[in-house]
Amino acid sequence: QIIVNSNYLKLIVSKWGIVSSKINVIYNSFDVPQNTSLKEDLRKKYNQRGFVFTSVARLVPWKNIDIIIEAFVELLKKYPDSLLNIIDEGPLKEKLRNAVAKNNIEKNVIFVGRVSHEELIERLKASDTTILISSYEGFSHLLLESLSLGVPVITTPVGGNKEIIIDRQNGMFVPLRDVMATKVAMEELISNNELRNILIEGGISAVKNYSQEQMLEKISSVLR
């Protein structure tokens with residue numbers, strides 16, 4: 001018997017010649033981050049203003065940070081006080097910085113760099129939306145962390161994302177590398193409070209499906 005942590009990985013493993021019936025999908029358990037700080041206090045701590053989008057991803061081609069920046073440039077035409085945090089490092093950092101400088105939006109885009117997990121949780125909680133539009137993902141704990149903190153997510157329907165997110169119920173899907181669709185989703189989360197509340201409530205509810213008890217029970221079932 002083989003255990004994988006998403007149906008996406010089950011599909012990959014089955015292509016190696018493994019019989020599908022021997023591959024068991026058991027999601028990793030997820031511990032909800034414990035942070036009692038108020039959102040407004042964290043916004044002050046990290047000097048966050050306006051509507052805050054946060055991207056947490058290696059600065060590599062398949063994470064599509066360039067698309068986020070292009071969409072954000074368009075968004076600023078209508079919502080000039082918005083802020084975009086880019087967290088982590090990677091080989092595309094200089095190229096992405098140049099794109100920001102070219103569009104004269106250095107005051108609106110903050111390259112945070114790599115941070116501790118504790119600070120990451122605080123920065124996510126201080127945000128209004130997490131945006132992760134990778135070309136592929138296994139099973140993203142970033143999405144679970146954001147949902148558990150009451151932060152809506154914009155993501156792509158790839159890999160394990162489709163097993164976490166139900167479009168417009170606990171998150172929003174946008175087509176891969178679609179600048180305008182990404183911009184429209186960002187704009188809708190700013191302007192549509194009813195949708196935001198639906199996504200927040202749906203997200204908090206969704207993370208309850210990833211308890212340690214459920215994971216251990218399923219593993220025990222396979223071992224028996």
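Strands E6 and E7 (residues 153-155) pair in the parallel sense over 3 bridges, where two strands count as paired if DSSP finds at least two bridges between them. Helices (H or I, at least four residues) and strands (E, at least two) are DSSP runs, numbered from the N terminus. The model is predicted, with local features requiring pLDDT of at least 70 and side-chain atom pairs counted only at pLDDT 80 or more, while totals for chains, interfaces and linings use all residues. Residues are numbered from 1 along each chain as its sequence is written, and side-chain values use heavy atoms, with hydrogens and water left out.

Together with helix H6 (residues 141-148), E6 and E7 make a right-handed β-α-β unit; a crossover is called right-handed if, with the strands pointing away from the viewer, the path from the first strand over the helix to the second runs clockwise. From strand E6 (residues 129-132), Thr129 and Ile131 point one way and Thr130 and Leu132 the other, and all are buried. Here buried means under 20% relative accessible area, exposed over 50%, and partly exposed in between (1.4 Å probe, protein chains only). E6 also runs parallel to strand E3 (residues 52-56), to which 2 bridges join it, and phenylalanine 53 stands opposite threonine 129 of E6.

The loop between E6 and H6 holds glutamate 137. Is this glutamate 137 buried or exposed? Glutamate 137 has a relative accessible area of 10% and is therefore buried. Its side chain makes a polar contact of 2.6 Å with the side chain of lysine 63. A polar contact is a pair of N or O atoms within 3.5 Å; within protein, one must be able to donate a hydrogen and the other to accept it, and residues adjacent in sequence count only if both atoms are side-chain atoms.

Turning to the sheet as a whole, 6 strands form an open sheet in the order E5-E4-E3-E6-E7-E8, with parallel pairing. Strand E5 (109-113) and strand E8 (172-173) stand at the edges with a single partner strand each, so one side of each is left without a neighbour in the sheet. In general, strands of a sheet pair through backbone hydrogen bonds, either parallel or antiparallel.

Valine 52 has leucine 83 of E4 as its bridge partner, and the chain crosses from E3 to E4 through helix H3 (residues 65-76) in a right-handed β-α-β crossover. Serine 55 stands opposite isoleucine 86 in E4. E4 is mostly covered, as 5 of its 5 residues are buried: Leu83, Asn85 and Ile87 lie on one side, and Leu84 and Ile86 on the other. Asparagine 85, a residue of E4, has a relative accessible area of 2% and is therefore buried. The side chains of asparagine 85 and glutamine 48 are joined by a polar contact of 2.6 Å. E4 is also joined to E5 by 4 bridges in the parallel sense, and isoleucine 86 stands opposite phenylalanine 111 in E5. The chain passes from E4 through helix H4 (residues 93-102) to E5, again as a right-handed β-α-β crossover.

A contrasting case is glutamine 34, found in the loop between strand E2 (23-25) and helix H2 (39-45). With a relative accessible area of 74%, glutamine 34 is exposed. A polar atom of its side chain lies 3.0 Å from the backbone oxygen of valine 32. Glutamine 34 and glutamate 118 are 84 residues apart in sequence and 9.6 Å apart in space, C-alpha to C-alpha.

On a 1 Å grid over the protein atoms alone, a cavity is a set of points where a 1.4 Å probe fits but cannot get out, and a pocket is an open set with protein on both sides within 12 Å along at least five of seven lines; lining residues have an atom within 4 Å of a point. The largest pocket holds about 170 Å³ of space. Of the 13 residues that line this pocket, the closest to its centre are Val56, Ala57, Arg58, Ile87 and Asp88. The largest cavity is lined by residues including Tyr27, Asn28, Tyr210 and Lys218.

Key. Points joined across faces, edges and corners; volume = space filled by probe spheres on them.
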